[in-house]
Each structure stands twice: as C-alpha cells, then as structure tokens.
Amino acid sequence: MFTGIDTAGDLQFNTSVLIPNQVLFALTANDLDRTAAAGTITYTLTCTWVSKADVEDWLGFTVTPASSDDDLLTIAVAAANAYAYRKRQEAGYFDASLGTVPSQDVRLGTIMYAGALYRERGSIDQYASFDPLATGTPTGGSMGQIMRLLGVNRAAVY
Amino acid sequence: MTATVDAFRLGYDNVVDELQTITGLTVFDDPRNLNPPCAFVDAPVIRMNSNLVFDMTVTVRIIGTGPADYKCLTKLLELADLVRRAQIGLTDVRPAVTTIGAQEYASYELTIGAKIGP
C-alpha cells in the first residue's frame with residue numbers, strides 16, 4: 001500500500017499490506033490527500049518491430065500488392081509483432097520501444113514467425129502442398145528456433 | 001585406341017560445367033553445399049556401349065525452399081526452364097521429393113542424357 005513520499009521525493013510503501021492490481025497515478029493539484037480513482041484503464045499496444053518487406057526478404061519473394069496474399073501477409077506481420085512483444089513481456093523483458101526492435105535476434109525471430117504464419121495458410125498439422133512435392137513437413141516446425149531468437153519462454157519473476 | 005582415363009568422372013564434370021554456365025541457376029555437385037533454391041547434380045547412371053563409348057544419364061534435382069506451395073512450384077518450374085533453354089540434352093522433367101541427409105525438399109527431377117566417347 002502506498003503510504004506517501006519521503007523528503008527525498010521517493011515513494012513509500014507499507015509492504016505488509018498488499019493490494020493486487022494496483023495502479024498508482026499522480027493527482028496533479030496542490031495540497032491533496034490520496035484519493036481512490038474509479039474507472040477502467042484501457043491501453044492498446046501496436047508493435048511494429050518488423051515490416052512486410054522484412055518478411056518478403058525472408059520468404060524470398062514479394063506478394064502482389066492489394067491481393068489476398070497481401071492481406072494475409074499484413075495480418076501475419078501484425079500477429080507476429082504482437083506475439084513477439086507479448087511473449088517477451090510475459091518473460092520479463094522490458095522492451096522500451098514498440099517501434100524499434102530491441103535486438104537483431106528478436107528481429108529475426110519475429111520475421112520467421114510472420115513467415116511461418118503466412119506459409120501456413122490452409123494448413124492444419126502439415127503444410128498444404130502439391131501432392132508429388134509434399135514433404136510432410138509439420139507446421140510449427142520452426143517454433144523452437146523462433147522462441148530461442150525471441151528469448152522466450154524463460155522463467156520470469158515479478 | 002586407348003580408353004580415356006577417368007572418363008566417368010570427366011563426363012560427370014562436363015555436365016556440371018555445362019549447367020554452371022546457365023545464368024540464374026545455382027548449381028551444386030556436392031550435397032554438403034546445398035543452398036536452395038538451386039540445382040543439384042546427382043550421381044550419374046552409365047550404360048556402356050563399348051569399353052570406349054557409353055551413355056551417361058544424369059539426374060539434376062531442382063530444389064526449392066519451404067512447403068511445396070504455388071510459390072515453390074513456380075520457382076521450381078522457372079529454374080527447370082533455364083535448363084531446357086540451355087539445350088543440353090534434357091529429356092524428362094518430373095516432380096519429386098528429394099532427401100538430402102534427413103531433410104526433405106520439394107524438387108523437380110530433370111534427366112539429362114549425354115554420350116561420352118574418347
């Protein structure tokens with residue numbers, strides 16, 4: 001529980017009183033007591049660590065603009081960005097920027113995941129393939145490498 | 001007339017050399033070096049007409065990347081067509097799965113026939 005501010009301006013807490021899901025905010029006015037707020041906090045994170053062009057480089061081809069493939073690639077890139085940020089957040093990383101990827105291993109992991117999602121269109125447990133060429137490769141086969149590059153899952157202590 | 005030394009190996013190397021002159025086609029003759037999309041020249045089949053002259057059939061595997069979807073197929077056909085345009089004895093083109101080590105690749109098998117003599 002928040003108990004006030006010391007003379008140095010540091011926040012003081014009574015650690016024997018735990019209040020879960022507590023959000024502390026500043027009442028920006030003069031000479032106010034602590035006041036409980038009512039309401040709902042909402043926030044939206046839009047991570048843009050990798051782009052469609054990055055994924056096209058990884059896939060080795062470009063998709064036709066304004067096509068269903070292009071729509072799917074847009075969705076796959078957005079999903080991979082959101083997944084990478086969320087999994088790293090869950091694993092205890094504090095990534096400072098939603099717009100700039102924290103490191104190149106995270107970048108490649110995110111690109112690979114977007115590419116895998118794009119390739120999995122129409123697939124369930126194996127990639128949809130032409131019959132004489134089918135290798136029976138399972139979908140999700142890259143996940144081990146992707147998660148290593150992202151640095152997840154690891155035990156996180158909060 | 002004496003038989004050429006190393007005729008089998010030279011015949012194979014000549015086919016590889018011809019393929020490596022094709023612009024836009026990366027050709028490997030060693031499975032350790034594969035870097036798809038590419039062409040891999042497999043071990044030849046040899047039929048002797050005499051001790052001096054023989055027919056060599058070489059299987060060239062056009063190897064693609066990723067799952068065998070439409071993008072992969074079109075890339076394989078593009079690369080296979082480069083071999084046809086080179087006019088070096090292509091007789092057969094068929095889809096296949098190529099296993100290199102434990103890795104399976106979507107591929108096309110191209111059969112190239114050559115007659116080797118002294």
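B:Gln87 is exposed, with a relative accessible area of 71%; exposed stands for over 50% relative accessible area, buried for under 20%, and partly exposed for the range in between, with a 1.4 Å probe and protein chains only. The model is a predicted one, in which local features need pLDDT of at least 70 and side-chain atom pairs count only at pLDDT 80 or more, while totals for chains, interfaces and linings use all residues. Residues are numbered from 1 along each chain as its sequence is written, chains are lettered from A and ligands numbered from 1 in the order in which they are written, and side-chain values use heavy atoms, with hydrogens and water left out.

B:Gln87 lies in the loop between α2 (70-86) and β5 (90-100) of chain B; helices (H or I, at least four residues) and strands (E, at least two) are DSSP runs, numbered from the N terminus. The backbone of B:Gln87 has a positive phi of about 55°, although this residue is not a glycine. Most residues other than glycine have a negative phi, and most peptide bonds are trans. In chain A, A:Ala66 also has a positive phi of about 55° without being a glycine. Its place is the loop between α1 (52-59) and α2 (68-90) of chain A, and A:Ala66 is exposed, at a relative accessible area of 78%.

In chain B, the bond from B:Pro36 to B:Pro37 is cis, with omega near 5°, and B:Pro37 belongs to the loop between β1 (27-28) and β2 (38-41). In chain A, the bond from A:Val152 to A:Asn153 is cis, with omega near -15°; A:Asn153 is located in the segment after α4. Both A:Val152 and A:Asn153 are touched by A:Lys87, residues up to four places away in sequence not being counted; contact means heavy atoms within 4.5 Å. A:Lys87 is part of helix α2 of chain A and counts as buried, at 14% relative accessibility.

The helix packing of chain A can be followed next. Two packed helices are described by the angle between their axes and the distance between the axes. The axes of α3 (residues 104-119) and α4 (residues 143-150) of chain A come within 7 Å and cross at roughly 150°; axes are lines fitted to C-alpha atoms, for helices over the stretch in contact, and angles run from 0 to 180 degrees between N-to-C directions. The two helices are therefore roughly antiparallel to each other, a description that applies to angles over 145 degrees. From α3(A), the contact involves A:Asp105, A:Val106, A:Leu108, A:Gly109, A:Thr110, A:Met112 and A:Tyr113, and from α4(A), A:Met143, A:Gln145, A:Ile146, A:Leu149 and A:Leu150. These residues comprise eight nonpolar, three polar and one charged; Ala, Val, Leu, Ile, Met, Phe, Trp, Tyr, Cys and Pro count as nonpolar, Asp, Glu, Lys and Arg as charged, and the others, Gly among them, as polar.

Between the chains, 11 residues of chain A are in contact with 17 residues of chain B. The two chains bury about 1100 Å² between them, 67% of it on carbon and sulfur atoms; buried area is the accessible area (1.4 Å probe) that two parts lose on being put together, summed over both. A:Phe130, A:Leu133 and A:Thr135 supply 50% of the area that chain A buries against chain B, more than any other three residues.

Definitions and conventions. Parallel < 35°, antiparallel > 145°, perpendicular 65-115°, else oblique.
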